[in-house]
Amino acid sequence: MDHFTLRDGVLHAEDVSLVRLAEAVGTPAYVYSTATIRRHARVFADAVAGLGRGAPLIAFAVKANPNVAVLSLLAGLGYGADVVSGGELRRARRAGIAPEKIVFSGVGKTEAEMAFALEEGIGQFNLESEEEAALLSQVASRMGRTAPVAFRVNPDVDAGTHAKISTGRSENKFGIPYDSAPAAYARVAALPGLAVRGVAVHIGSQLTDLAPLERAFAKIGALVAALRADGHAIAYADLGGGLGVPYDPDRPAPPSPAAYGAMVARVTQGWDVQLLFEPGRLIVGNAGILLTRVIRVKPGASTPFVIVDAGMNDLMRPALYDAWHAMRAVTPRGDLFSANIVGPVCETGDTFATERRMDRVEGGDLVAFLTAGAYGATMASTYNSRPLTPEILVNGPEWATIRARQTIEALIDADIMPQWTHP
Ligand code: LLP
């Protein structure tokens, strides 16, 4: 559920009219709802409350929406952070997330990022290879620190999602192979500067079926027992993120957080570990929209093209994953039509929807792309020299700009003319 609703014929974000907001901040713009973020954060927390030893740590996957205002909202609800770069770690710290609530995932951690994370005293490094473990051991030893570590284990389970966001098959780049995990733990436990404390798994994103997750978790449970039998003190299991959100109201909804929690309760029974979760999309996906204005409607061979002022650079998901986003007119005229919704970028891939049945719109109308709060603004680029869109956070009747629109001057001024001495 979300807080984007029609009131007196105008789509609102909570109590704020999107017509008014577009007049104030221009388009395109990302608009987030605090009430929706809060609600989703609570629903997930309730679904996993009481599972495992002690309270679970919910580490929000920062990559889904790294705006510091969003992170600090989640920090206030007790959330930690799952980060995949030194940059995300800095954002989480800026948002006031305690270091012990931060997990460092990511397949290519550099030496500098490791040193920074050790200095900050983060809670856990999810190691992706023995090579990485060896480097972290060196860095930690040099600094006189001990790095709390888990291996991300690749359970070789097909998550049944889009290939580009599937991570748990043996041919994917993520984690160490399940079968060689006991040997890897044995070698790494002998390294100085590392304290083995757990296991981690994440098999993919936008999962719409619990069965692959359950298969993966069951394998992790067996591994926890095997590692303990080998003498490792396994006290934490990080079950990753990945639970999908409804994008298309005409398709079956993904399992609820409650159903996910019940499955986790069943499969982790007797593990006797503290559980960690890394949800991203579930928390912020439906809490954001991309507000855009129709530049003009152009006749097509059979279907008209609605050209909007947002492009694939602003919301990459349709171009990258053929993702489906619902579109609603902000001031619906009361009838529907079929249209191709496209952006202004000079690529055929800059297409948000083909032959979409939607509210009929005309040039100048506002359109909202729904479910754009996760992997939206964060994946934007400036392709076609299009400045980055602003981000607006709504809170009841109030709104705040939480990232200003990039100016074209700032974009161009970042380029530097070389001062050659060579002729
Ligand atoms: N943990 C790890 C280690 C991850 O790699 C990810 C997402 C998450 C947690 C959070 O997954 P979530 O709960 O959000 O599904 N850009 C793509 C999604 C990429 C997901 C990458 N990893 C998209 O727009 O669909």
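Reader: Which residue stands opposite arginine 293 in S19?
Author: Leucine 366. Bear in mind that this is a predicted model.

Reader: How many bridges join S14 to S19, and in what sense do the strands run?
Author: Four bridges, antiparallel. S14 covers residues 288-298, and S19 covers residues 366-369.

Reader: What about S4 and S14: how many bridges join them?
Author: Four bridges, with the strands running antiparallel. S4 spans residues 29-33.

Reader: How many residues sit between S14 and S15 in the hairpin?
Author: Six.

Reader: Is the peptide bond from threonine 27 to proline 28 cis or trans?
Author: Cis, with omega near -10°. Most peptide bonds are trans.

Reader: Which residue has a positive phi although it is not a glycine?
Author: Aspartate 156, at about 55°. Most residues other than glycine have a negative phi. Aspartate 156 lies in the loop between strand S9 (147-154) and strand S10 (176-177).

Reader: Helices now. At what angle do H8 and H9 pack?
Author: About 25°, with the axes 10 Å apart. Angles under 35 degrees count as roughly parallel, so H8 is roughly parallel to H9. H8 is residues 210-229 and H9 is residues 257-267.

Reader: Is the crossing of H8 and H9 left-handed or right-handed?
Author: Right-handed.

Reader: Which residues of H8 and H9 meet?
Author: From H8, Leu210, Glu214, Phe217, Ala218 and Gly221. From H9, Ala259, Tyr260, Met263, Val264 and Val267. The contact of H8 with H9 divides into eight nonpolar residues, one polar and one charged.

Reader: How about H4 and H5: what angle, and how far apart are the axes?
Author: About 20°, with the axes 10 Å apart. That makes H4 roughly parallel to H5. H4 is residues 86-94, and H5 is residues 111-120.

Reader: Left-handed or right-handed, that crossing of H4 and H5?
Author: The crossing of H4 and H5 is left-handed. On the H4 side, Gly86, Leu89 and Arg93 make the contact. H5 supplies Ala112, Glu113, Phe116, Ala117 and Glu120.

Reader: How do the residues of the contact of H4 with H5 divide?
Author: Four nonpolar, one polar and three charged.

Reader: Switching to annotation. Where does UniProt place a "binding site"?
Author: An unreviewed UniProt entry gives it at Arg281, Arg317, Tyr321, Glu347 and Tyr375. They are spread over 95 residues of sequence, and also in space, up to 27.2 Å between C-alpha atoms.

Reader: Which helix does arginine 281 lie in?
Author: H10, residues 281-284.

Reader: Which domain does UniProt place at residues 30-373?
Author: The unreviewed entry lists "Orn/DAP/Arg decarboxylase 2 C-terminal" there. That span is 31% helix and 24% strand.

Reader: How far apart are the end C-alpha atoms of residues 30-373?
Author: They lie 8 Å apart.

Technical notes: Residues numbered from 1 in each chain as written. Predicted model: local features only at pLDDT ≥ 70, side-chain atom pairs only at ≥ 80, totals over all residues. Axes fitted to C-alpha atoms, helices over the stretch in contact; angles between N-to-C directions. Helix = DSSP H or I, 4+ residues; strand = E, 2+ residues; numbered from the N terminus. Parallel < 35°, antiparallel > 145°, perpendicular 65-115°, else oblique. Left-handed = near helix turned anticlockwise from the far one by under 90°. Contact = placed C-beta atoms within 7 Å. Nonpolar A, V, L, I, M, F, W, Y, C, P; charged D, E, K, R; others polar. Pairing = 2+ DSSP bridges. UniProt positions renumbered as here; feature names shortened; annotations may be inferred.
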